[in-house]
Amino acid sequence: MTGYDPSEFLMLSGIQHFQFCERQWALIHIEQEWEENVLTIEGSHLHEKADDPFIREKRKDILKVRALPVHSTKIGLTGICDVVEFHADVNGVSLQGEEGTYLPIPVEYKRGKPKRDQSDVLQLVAQAICLEDMLYCPVPIGSLYYHEIRRRVDIEITEELKNQVRNTAKRMHDYYKRRHTPRVKTGKHCQSCSLRHICLPELLTKESVAAYMKRMMAE
Ligand code: SF4
């Protein structure tokens, strides 16, 4: 396949759900189950600040664009970057209405602090791939801003990370095409999962739904 048709695009933000738990991703993006819990509500409030659409501001050599829609036909993902900073750079590209050339740096806002898993990093790298595909220029770094520690962490967009994103996106598309929801695999992550009550991890790993229903009816 040379590329994805826009009708096949999946949500870029899903990459973090997929990384957190493939089943959670399938419940949200294939079965469309969604239950807001504290984590998602806090997260969306934080995003509201960054997602003020189309605000464009310029300070010295940096042009900031908020809520920039991005996509990539190569990995078949689409989404919105919280903020993209365009830094004046001779290796960059020209932008409409601006003098000189610029290199984009995606900046993603997160609640909490840096995570142990790579979900935030892969989401950022997916944004970088989209920007590269759309603007035909390299995106060597991106940044994650963590609300809890009030600090920005720069991430080098390596070929290795990009390959990880490409492989993850391919698996997401494969599951989506087959409408496949992976089985429950419980772990520590289930404690902070917004779909815990829908997924019923304790229940499904111990007994089948039919057995559970039979037991409940008998009680
Ligand atoms: S409860 Fe656990 S297994 Fe179920 S979707 Fe959430 S993280 Fe995945």
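I take contact to mean heavy atoms within 4.5 Å. The model is predicted, so local features need pLDDT of at least 70 and side-chain atom pairs pLDDT 80 or more, while totals for chains, interfaces and linings use all residues. Residues are numbered from 1 along each chain as its sequence is written, and side-chain values use heavy atoms, without hydrogens and water.

**Entry: M172.** I looked up what M172 touches, leaving out residues up to four places away in sequence, and found L10, M11, G14, I15, F18, W25 and L77.

**Entry: cores.** I count as a nonpolar core a set of buried Ala, Val, Leu, Ile, Met, Phe, Trp, Tyr and Cys residues joined through side-chain atoms within 4.5 Å. Buried is under 20% relative accessible area, exposed over 50%, partly exposed in between (1.4 Å probe, protein chains only). The largest such core has 36 residues, and M172 is among those with the most contacts inside it, as are W25 and F86. Helices (H or I, at least four residues) and strands (E, at least two) are DSSP runs, numbered from the N terminus. Elements giving two or more residues to this core include α1 (14-20), β4 (77-94) and α5 (159-178). The most, nine residues, come from α4. A second, separate core of six residues includes I28 and V184.

**Entry: α5.** The buried residues of α5 are L161, K162, V165, T168, A169, M172, H173 and Y175. They lie on the same side of α5, because their arc around the axis is only 160°, taken from the directions from the helix axis to the C-beta atoms. On the other side, E160, K170 and K177 are exposed. After α5 comes R179, with a positive phi near 50°.
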